[in-house]
Amino acid sequence: MKPKVLLYKRIPEQALAKLQAQCDVVSFDGIPHSTEFYRELADAQGLIGSSAVINHPLLKKAPKLKAISTISVGTDQFDHDYLASHQIPLMHTPNVLNETTADTIFTLIMCTARRAVELTNMVKQGNWTSSIKEPHFGTDVHGKTLGIIGMGRIGEALAKRAHFGFDMPIQYCNRSRNMKAEHTYNATYLDMGNLLASSDFVCVMTPLTPDTHKLIGANEFAKMKKSAIFINASRGKVIDETALIEALERGEIRAAGLDVFEVEPLPADSPLCQLNNAVLFPHIGSATAETRLKMIECAIDNLINALKGDLSKNCANAHLFINPTD
Ligand code: 8YV
């Protein structure tokens with residue numbers, strides 16, 4: 001008897017066939033919160049999907065649930081306390097997306113520093129009428145100081161690009177020293193002042209946890225250089241978005257490059273959409289065909305192994321959250 005699995009994200013046919021070979025799969029496009037969805041959920045032993053919120057009220061309606069596999073490295077969309085108290089393993093897909101996400105962050109750094117989006121729009125609107133002069137100049141990236149807040153797997157991949165590709169001195173803040181990172185460990189998240197004041201580029205790469213919620217707010221933006229460029233590709237709620245908007249409007253910092261937002265999709269009437277010194281990506285961190293397929297395959301392997309009761313065989317990139325401190 002194949003275990004029943006609810007799939008709440010569209011995946012390629014080939015990957016779906018792999019999952020269906022081992023599981024009785026019922027597919028939904030997201031979480032519809034419908035009678036049909038909850039009827040199927042009541043019998044489900046496995047869940048697999050990505051960014052939809054899987055909270056306590058939903059989990060209470062899944063009494064037979066044995067494992068969850070998310071097609072994401074972030075797990076803030078899950079109720080960790082519930083999963084830990086019910087011993088339901090949650091597997092995610094770290095590592096397979098490190099390089100692609102670091103590429104995305106460096107794209108944000110370059111686009112924001114060289115004003116690529118603003119100047120592209122100028123050309124497309126027929127406003128390129130003479131050689132570019134001072135008011136449209138960008139700022140150099142090579143040789144500038146990069147401050148990374150959250151030196152995890154993606155932070156390490158970003159630092160590699162900055163150090164070897166752009167000769168950037170790198171300093172970082174982290175919950176603790178990352179012994180694999182050969183860069184200046186500046187402090188923990190609780191003492192970012194020096195990094196904020198001395199970095200030309202400040203990049204946040206922490207997971208969203210109760211400790212990092214609104215970690216970067218008005219006080220932190222005020223400590224940054226007026227010439228500083230702020231980059232966020234972690235989670236929107238790691239920063240106080242209202243404070244960032246005010247800092248950008250007041251010229252407290254030069255510009256911001258953002259791939260994530262407090263509310264996603266970002267509403268078109270957000271003040272961020274009116275700012276020339278804000279480059280906005282629609283959460284494309286890991287969004288390449290190659291990487292998303294690797295993530296899906298990893299998540300399917302994780303779920304099949306977990307439902308077979310062999311958590312040790314999990315995809316090399318998996319991580320198990322059995323208790324909320326993991
Ligand atoms: C995607 C991400 O949003 O992995 C994460 O945590 O934020 C991005 O890779 C996610 O994978 C949804 O598909």
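## Domain layout

The centres of domain 1 and domain 2, taken over C-alpha atoms, are 32 Å apart. Domain 1 comprises 4-95 + 289-320, and domain 2 comprises 98-280. These bounds come from an automatic or database domain assignment.

The model is predicted: local features need pLDDT of at least 70, side-chain atom pairs count only at pLDDT 80 or more, and totals for chains, interfaces and linings use all residues. Residues are numbered from 1 along each chain as its sequence is written, and side-chain values use heavy atoms, with hydrogens and water left out.

## Overall form

The chain has 11 helices and 12 strands. Both are DSSP runs numbered from the N terminus: helices are H or I with at least four residues, strands are E with at least two. The C-alpha trace spans about 70 × 45 × 35 Å along its principal axes.

The radius of gyration of the chain is 21 Å; a compact globule of 326 residues would have one near 20 Å, so the two agree. The radius is taken over C-alpha atoms, and the globule rule is 2.2 Å times the number of residues to the power 0.38.

## The domain interface

How much area do domain 1 and domain 2 bury between them? The figure is about 560 Å², with 41% of it on carbon and sulfur atoms. Buried area is the accessible area (1.4 Å probe) that two parts lose on being put together, summed over both. Asp76, Asn95 and Thr291 supply 71% of what domain 1 buries against domain 2, more than any other three residues.

Between domain 1 and domain 2 there is 1 salt bridge (a side-chain nitrogen of Lys or Arg within 4 Å of a carboxyl oxygen of Asp or Glu). Arg235 forms a salt bridge with Asp76, and their closest N and O atoms are 2.9 Å apart. On the side of domain 1 that touches domain 2, the classes are 2 nonpolar, 4 polar and 1 charged residues. Here Ala, Val, Leu, Ile, Met, Phe, Trp, Tyr, Cys and Pro count as nonpolar, Asp, Glu, Lys and Arg as charged, and the others, Gly among them, as polar.

## Salt bridges in the whole structure

The whole structure holds 13 salt bridges. One pairs Lys4 with Asp43 at 4.0 Å, N to O. Lys4 sits in strand β1 (residues 4-7) and Asp43 in helix α2 (residues 35-43), so this pair ties together parts 39 residues apart in sequence.

## Backbone exceptions

Most residues other than glycine have a negative phi, and most peptide bonds are trans. The peptide bond from Glu264 to Pro265 is cis, with omega near -5°. Pro265 is in the loop between β11 (255-258) and β12 (278-280).

Asp167 has a positive phi, near 50°. Asp167 lies in the loop between α7 (153-166) and β7 (170-173).
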